[in-house]
Amino acid sequence: MLLASVALAGSLSSSAQTMKEVPLPATQNPNNAILPISGAVWVGNTLYVSGWLDPDMKSHPDTTSQTVSIFKDLEKFLETQKLTLRNVAMVRMFLGGDPAKDGKMDVAGMTAGYTQIFGTKEYPNKPARTTLQVVLPAGVRGALVEVDLVAVKLK
């Protein structure tokens, strides 16, 4: 019995994962504010990326253009981690109400932007996805979309 418990304890400790925090890039924290979040966190070969906004939302007043812009910025961030959008396994889309659509979320606009990225020749992968309607805190600044994702470094 003692041998079995020692073997079990050894296997549990050897499979322990480490976490590595990655700071928010300037596109997501332009004022370099001290915030209680990381831009992303590595756990093993999996990268959990925090909620991401369009860094140029003032120039992108609609859901489609904000969606595309967010993924282009995420693409640059993933490259800093030696990943691409091909490594994305899970996406969560958070849609705020669009004033131009009587405060309703623009699912069609989000889908139009999303399909410019995933399921394409460049990125044929189709990650799992959840879409939620929320009240975006950055909505007062014009945000219509926020995205977080999970990417996996494949061996």
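**Nonpolar cores and positive-phi residues**

In the largest nonpolar core, which has 27 residues, Phe71, Val91 and Leu149 touch the most other members. Such a core is a set of buried Ala, Val, Leu, Ile, Met, Phe, Trp, Tyr and Cys residues joined through side-chain atoms within 4.5 Å; buried means under 20% relative accessible area, exposed over 50%, and partly exposed in between (1.4 Å probe, protein chains only). This is a predicted model, in which local features need pLDDT of at least 70 and side-chain atom pairs count only at pLDDT 80 or more, while totals for chains, interfaces and linings use all residues. Residues are numbered from 1 along each chain as its sequence is written, and side-chain values use heavy atoms, with hydrogens and water left out.

- A second, separate core has six residues, among them Leu53, Met57, Phe94 and Ala138.
- Beyond its neighbours within four places in sequence, Leu149 is in contact (heavy atoms within 4.5 Å) with Leu47, Tyr48, Val49, Phe71, Leu74, Leu78, Val88, Met90 and Val91.

**Positive phi**

- Most residues other than glycine have a negative phi.
- Asn32, in the loop between strand 1 (19-22) and strand 2, has a positive phi near 55° and is exposed at 64% relative accessibility.
- Asp102, in the loop between strand 4 and helix 3, has a positive phi of about 55° and is exposed, with a relative accessible area of 71%.

Methods:
Helices (H or I, at least four residues) and strands (E, at least two) are DSSP runs, numbered from the N terminus.
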